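Biologist: Could you take me through one part of this model in detail, residue by residue where that helps? I would like to see how that part sits against its surroundings.

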Amino acid sequence: MANLMMRLPSSLRSLSVSASSSNGSPPVIGGSSGGVGPMIVELPLEKIRRPLMRTRSNDQNKVKELMDSIREIGLQVPIDVIEVDGAYYGFSGCHRYEAHQKLGLPTIRCKIRKGTKETLRHHLR
């Protein structure tokens, strides 16, 4: 197994990254040099808050199709997550998130961007 060194923001230092993923896809870790821009990591589902789940429902046929695809080839497109003060908020990828939940997968690949409380308020409108 190869060793991997990378700088993580303090809010992610408690997470671990392994050479294989629980959803069949290799973990992808990156971002621009100097830690600027989005990072793509496997994040535990329970760490992601889904504030819009109360007001929206998913197409269950699409969730089933995604479950089949994730089982076969893994998640191909990470969900978008905003990190505000150490908390993670998901506003896209609702069907992919639910498919991971129903498959019993503990983590999901996320594209994490830093945000502010104002950013969060904007997404909740």
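Modeller: Happy to. C94 belongs to helix α2, where helices (H or I, at least four residues) and strands (E, at least two) are DSSP runs, numbered from the N terminus. Before going on, a word on the ground rules: this is a predicted model, in which local features need pLDDT of at least 70 and side-chain atom pairs count only at pLDDT 80 or more, while totals for chains, interfaces and linings use all residues. Residues are numbered from 1 along each chain as its sequence is written, and side-chain values use heavy atoms, with hydrogens and water left out.

C94 has a relative accessible area of 15%, so it is buried; buried means under 20% relative accessible area, exposed over 50%, and partly exposed in between (1.4 Å probe, protein chains only). The rest of the helix shows much of this too: α2 spans residues 94–103, and because 7 of its 10 residues are buried, it is largely enclosed by the rest of the structure. Those buried residues are C94, H95, R96, Y97, E98, A99 and H100. They pack against β2 (48–49), α1 (60–73), β3 and β5 (107–114), with contact meaning heavy atoms within 4.5 Å. The helix lies across β2, β3 and β5, and runs at about 145 degrees to β5; axes here are lines fitted to C-alpha atoms, for helices over the stretch in contact, and angles run from 0 to 180 degrees between N-to-C directions. After α2 comes G104, with a positive phi near 75 degrees.

Now the other end. G93 sits in the loop between β4 (87–90) and α2. G93 is buried because its relative accessible area is 9%. Beyond its neighbours within four places in sequence, G93 touches R50 and I79. An unreviewed UniProt entry lists G93, C94, H95 and R96 under "binding site"; such positions are given in the numbering used here, feature names are shortened, and annotations may be inferred rather than shown by experiment.

What does the helix lie against? The sheet is open, with 5 strands in the order β1-β5-β3-β4-β2 and mixed pairing; two strands pair if DSSP finds at least two bridges between them. β3 and β5 run parallel and are joined by 5 bridges, and I82 has R113 in β5 as its bridge partner.

Of its 18 residues, L43, I48, I79, V81, I108, C110 and I112 touch the most other members. β1, α1, β3, α2 and β5 are the elements that give two or more residues to this core. Apart from it lies another core of 7 residues, including L52, A87, F91 and L120. C110 itself is buried, at 0% relative accessibility.

As for the cysteines, the whole structure has 0 disulfides, taking a disulfide as a pair of cysteine sulfur atoms within 2.5 Å.

Terms used: Core = buried A, V, L, I, M, F, W, Y, C linked by side-chain atoms within 4.5 Å.
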